[in-house]
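Trainee: I am new to this structure and would like to know what stands behind the terms used for it. Please show it first.

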Amino acid sequence: MSSSREHVRDIVVVHSSDLHVDHDYTARLHGGDGVAGLACVLNAARGVAAGVVILAGDTFDSHRVPQDLIERAAAVMAAAAMPIVVLPGNHDPAVGEAIYRGSALAAVTNLHVIGVTHDDSIVFPALSLEIWGRAHRDYGDMIPLEIGRRRAPRRTRWQIAMAHGHYEPAPDRSKGPHPSWLIADAEIAATGADYVALGHWNKAARVGDGTVLAYYSGSPEYAGTVNVVRMSESGGVTITRAPLNIEREVMD
């Protein structure tokens, strides 16, 4: 916890997820430009003067994308000139051959990847902000919010938890089959975070029992928005949705 509240800044964080940067389906929505959705999200973040952008899983559709696409994505991220925090999801887990390692992305100094560049948390001292999460480290099942950080003493004024998975209020994990990567009300509440940034759903939604603010941002092309999280000593934490100038998926 900051020892000097008067120096704690009000901050703005933009939350998105499920960009699925690729050279196939997502690219076709944008006339062949698989990086267009990422660029739209980062442009929106600049528009609201965000201090940090968080991408809660499945930023890339897979690790098998062309090298030129990786290089273009790296250039777009570097040009954003703001911290970008990526949580690897089930499509782009932090495996040994992940594109976050040993590619142009590894040279992007403002890109922070949980499970790759950092173990489970990142602290931004100037913002008095900690962002933590549990990266998918393989393609198997896991509990997204099963992590020691949620029980550790708070180190900063503001804290955001990230998780990528399917929300169910009270899942029964003793029985199967069930959707993998389940996230429960009790696990969200146990974070004690100021905000829980979720990914895996295409739609934007608030979830949880209300103890902690927990939101899915939805995918940019489906939701058409990003979540804007404003953290203020005077106003607390407020969440709004900022529209994106983006091609939209056809909804049924």
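Mentor: What follows is a set of questions on terms and the values behind them. This is a predicted model, in which local features need pLDDT of at least 70, side-chain atom pairs count only at pLDDT 80 or more, and totals for chains, interfaces and linings use all residues. Residues are numbered from 1 along each chain as its sequence is written, and side-chain values use heavy atoms, with hydrogens and water left out.

Trainee: How do you know what span to expect of helix α2?

Mentor: The expected span is 1.5 Å times one less than the number of residues. Helix α2, residues 36-47, has twelve residues and reaches 16 Å from first C-alpha to last, close to the 16 Å expected.

Trainee: Which residues of α2 are called buried?

Mentor: Buried means under 20% relative accessible area (1.4 Å probe, protein chains only). In α2 the buried residues include Leu-38, Val-41 and Leu-42. Among the elements that the buried residues of α2 pack against are β1 (11-16) and α3 (67-80).

Trainee: Why does the radius of gyration agree with a compact globule?

Mentor: The rule is 2.2 Å times the number of residues to the power 0.38, with the radius taken over C-alpha atoms. For 252 residues a compact globule would have a radius near 18 Å; the protein chain has 17 Å, so the two agree. Buried residues make up 56% of the 252.

Technical notes. Helices (H or I, at least four residues) and strands (E, at least two) are DSSP runs, numbered from the N terminus. Buried means under 20% relative accessible area, exposed over 50%, partly exposed in between (1.4 Å probe, protein chains only). Contact means heavy atoms within 4.5 Å.
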